[in-house]
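Please look at the structure on the screen before we discuss some of its parts.

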Amino acid sequence: MAGSTREERAWVRGAQNGSIAHLEALFRHHWPRAYRAAYLVVHDSAAAEDIAQESFLAAVRNLDRFDRRRPFGPWLHKIVVNRAIDWSRARSLRREVGDAPLASLAATSTPDNPHARSLAAALASLSAEHRAVIVLRHLLEYTPGEIADLLDLPRGTVNSRLRRGLDALAAQLDEDVR
Amino acid sequence: MKWDAPAPKEREAGERSWDVVRSAWESRTAHPRRRRHRGALIAIAAGLAVIAAILSPPGMAVLSSIRDAVRGEKNAKSALFSLPSPGKVLVVSQRGAWIASADGSRRLLGKFADASWSPHGRFVVASRSTEISALDPKGNVRWTLSRPDAHLPSWGGSDLDTRIAYLTTSRLHVVAGDGTGDVDAGGLPAAARVRPAWRPGSPFVLAYVDTRGRVYAYQLTGALLWRSAPLPNPRFLQWSSDGREVLVVTRDKLALLRGGKAELIQFARIAAAAFRPGTHAFAEIRRRGGTSEVVLGRRILFRGTGEFRQLAWSPDGRWLLVTWPTADQWIFIRVAGQRRIVAVSTITRQFGGGTFPSLAGWCCP
């Protein structure tokens, strides 16, 4: 990940002291991965924007209490991924009648990047819980132990979700995901 | 696997979100939390003291004398003998939904808590706790849909094809004008209790407010057209007649959105606002101390003691109706040509008594 730990600590310290420039540096550094992670879990660009934005707002509200010795990324990603899982669960529960117009209401444009399109389509076939662990492992590059901490899950559960999720993805993608 | 490929709309979403995060950060710096809490406690204590004072015998006497002082507009008519301009006014009182016609006659449509006109005034959509109904102006029910906590219906569309948007708890629904094909927009962010607004004309575009105060514009056959930054407690939405601007009245200010971006924000204490039909001008009610005033552009049209609550333009945009609960009056203000005031008193009694009735629109000759 670009941006050294020392640099990130300086941004957090600056933001805690009221520097808008340091807050902006922190935001611009973390936005792409936060948004991508949310998008790959929820598959809806408006919802991903909501989730990533609200996660940043929650982080900003609590920045004064943040321990500068710890990295900022995992703290933010925990909020993002848990909110994305909650959103996906709520969406699946809230469907009522007449899904066709509903789908058009919530529709978003298709990604123009072919890699993003195939990956997004393949990920969409998995459950939100499986998508989340795969995104944390392969986009955000956390170890299974770190993922277990972030999602409050046993490590064995994380490993089995990774395995099953990757098997399902491999069946759909042309390239080797393992 | 190409995990590093940008997700759709990543950059634009980042720019929008940075604006939101920055403004949240700046407001946080400007209003430290501890002071806010202390202010709230002081306000609560002061409010309790005021309530206690009002409930005491001397307080009741003062209240009575204030009520006596607000006599409203002089020479008010004792009843609604006619409307000064063509059309019909939809009203909701404790008794239910009413239509007041141009000749002053009033018809009770039924026991409904809320109502709204269809685009050409041929029908009314009304709601009560567990159902939403379409009625003709004589009160005949055309169809009814049972939904828990159905509220804030809004009817839009053309002569041939219409849709009704409404809310159940925090979920946005859309149903065809004939009551068929009801859908729950489950994938959209939860809706705030603000009446959704249809953009005039077609295709169908709907604006609504989410629970975080953002205004969304959706095209029913497509996707999100735009989304605004969060606004503090939006209470009212209205599109301009040409569908290019959206007027948003929030807790304490007014915002004019064009393509989702705020073009104008006013910080006066705005109680209500409404576009003048066919224009981008809007009238607003401002409250200053114990008085209220109706303003159009820079022109103060009318001022009075106490609370003005709602506004409605006549369909031809020549007259403005202002409700004045403190005086139990409606004030009609002629805006085109020379200003003229027509006041009507005892409004509450004329719509069945109870609390002062609310306006639900002045529509269609």
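Which residue in strand 23 of chain B does B:Ser292 stand opposite? The residue opposite B:Ser292 is B:Gly304. Please keep in mind throughout that this is a predicted model.

Strand 22 of chain B, residues 291-296, is joined to strand 23 of chain B by six bridges, and the two run antiparallel. Both belong to an open sheet of four strands in chain B, ordered 20-21-22-23, with antiparallel pairing. Strand 20, residues 270-275, and strand 23, residues 299-305, are the edges of this sheet in chain B; each has a single partner strand, so one side of each has no neighbour in the sheet. From one strand to the next, the twist averages 15°.

Chain B as a whole contains four helices and 28 strands. Of its 365 residues, 39% are buried. Among the contacts in chain B with a separation of 6 or more, 41% are between residues 24 or more positions apart.

I turn now to chain A. Two packed helices are described by the angle between their axes and the distance between the axes. In chain A, helix 1 (residues 5-16) packs against helix 2 (residues 20-42) at an angle of about 135°, and their axes are 7 Å apart. Helix 1 of chain A is therefore oblique to helix 2 of chain A. The crossing of these two helices is left-handed. Helix 1 of chain A contributes A:Trp11, A:Val12, A:Gly14 and A:Ala15 to the contact, while helix 2 of chain A contributes A:His22, A:Leu23, A:Ala25 and A:Leu26. Of these contact residues, six are nonpolar, two are polar and none is charged.

Key. Residues are numbered from 1 along each chain as its sequence is written. Chains are lettered from A and ligands numbered from 1 in the order in which they are written. This is a predicted model: local features need pLDDT of at least 70, side-chain atom pairs count only at pLDDT 80 or more; totals for chains, interfaces and linings use all residues. Two strands pair if DSSP finds at least two bridges between them. Axes are lines fitted to C-alpha atoms, for helices over the stretch in contact, and angles run from 0 to 180 degrees between N-to-C directions. A residue is buried if 20 or more other C-beta atoms lie within 10 Å of its own, exposed if 12 or fewer, and partly exposed in between; C-beta atoms are placed from the backbone. Two residues are in contact if their C-beta atoms, placed from the backbone, lie within 7 Å. Angles under 35 degrees count as roughly parallel, over 145 as roughly antiparallel, 65 to 115 as roughly perpendicular and the rest as oblique. A crossing is left-handed if the near helix is turned anticlockwise from the far one by less than a right angle, and right-handed if clockwise. Ala, Val, Leu, Ile, Met, Phe, Trp, Tyr, Cys and Pro count as nonpolar, Asp, Glu, Lys and Arg as charged, and the others, Gly among them, as polar.
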